[in-house]
Amino acid sequence: MASESRLYTFSGETKEQLRKFRLTTSRAKDPQAVIYMIDKNTHEIRQALDDYDEARVYKSLEEVGEDLPDHSPRFVLLSYPLTTSDGRLSVPYVLLYYLPITCNAEMRMLYAGAKELMRSTSEAGSVIDVESVDDLEDIPEKLAKK
């Protein structure tokens with residue numbers, strides 16, 4: 001991981017955003033997600049901005065799917081409350097590694113190299129690989145099995 005931490009960077013602001021998101025979503029009653037991207041030129045990992053140049057917290061997987069690009073990978077931090085089979089509330093905090101099959105090799109390598117660094121820096125419990133927006137529909141079922 002030492003080589004990854006030299007190649008990829010997080011600003012202090014991004015690290016604070018990651019920490020704040022993790023802490024504020026741990027007791028959330030509704031799903032919450034944030035999309036992160038890697039700047040191709042600087043290799044800085046930062047929150048992706050929406051059409052209005054604002055950082056956004058998504059309230060559903062459908063909203064996330066609407067903003068994921070067709071040909072570029074992204075990291076999605078997801079806090080997804082669910083009720084376990086014995087009736088307890090569980091709030092898994094996971095990293096979705098969105099890697100569409102249509103993205104080019106350069107982008108695949110860029111994101112693959114940062115995957116574990118992003119998981120550890122965000123303190124996500126696990127990583128779920130997602131190849132298409134349609135795969136988001138299966139996330140609640142995957143989380144329930146963990």
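Me: How many aromatic pairs does the structure hold?

Reply: The structure, a predicted model, holds three aromatic pairs. Rings of Phe, Tyr and Trp (its six-membered ring) pair if their centres lie within 6.5 Å; planes under 30 degrees apart count as stacked, over 60 as edge-to-face and the rest as tilted. Local features need pLDDT of at least 70, side-chain atom pairs count only at pLDDT 80 or more, and totals for chains, interfaces and linings use all residues. Residues are numbered from 1 along each chain as its sequence is written, and side-chain values use heavy atoms, with hydrogens and water left out.

Me: What about Phe75 and Tyr97?

Reply: Phe75 and Tyr97 are stacked, at 5.8 Å centre to centre and 25 degrees between the planes. Phe75 lies in strand β3 and Tyr97 in strand β6, so this pair ties together parts 22 residues apart in sequence. Strands (E, at least two residues) and helices (H or I, at least four) are DSSP runs, numbered from the N terminus.

Me: And which geometry do Phe75 and Tyr111 have?

Reply: The ring centres of Phe75 and Tyr111 are 5.2 Å apart with the planes at 45 degrees, so that pair is tilted. Tyr111 lies in helix α4 and Phe75 in strand β3, so the pair ties together parts 36 residues apart in sequence. Ring pairs link Phe75, Tyr97 and Tyr111 into a cluster.

Me: Are Phe75 and Tyr111 buried or exposed?

Reply: Both Phe75 and Tyr111 are buried. Buried means under 20% relative accessible area, exposed over 50%, and partly exposed in between (1.4 Å probe, protein chains only).

Me: How many residues has the largest nonpolar core?

Reply: That core has 42 residues, and those with the most contacts inside it include Phe75, Leu78 and Met118. A nonpolar core is a set of buried Ala, Val, Leu, Ile, Met, Phe, Trp, Tyr and Cys residues joined through side-chain atoms within 4.5 Å. Among the elements giving two or more residues to the core are β3 (74-79), β6 (93-98) and α4 (105-122).

Me: Changing topic: where is α4 kinked?

Reply: The kink in α4 is about 40 degrees and is centred on Lys115. The bend at a residue is the angle between axes fitted to the seven residues ending there and the seven starting there.

Me: Which residues of α4 are buried?

Reply: Met107, Leu110, Tyr111, Ala114, Leu117, Met118 and Ser122 are buried in α4.

Me: What comes just after α4?

Reply: Just after α4, Glu123 takes a positive phi of about 65 degrees.
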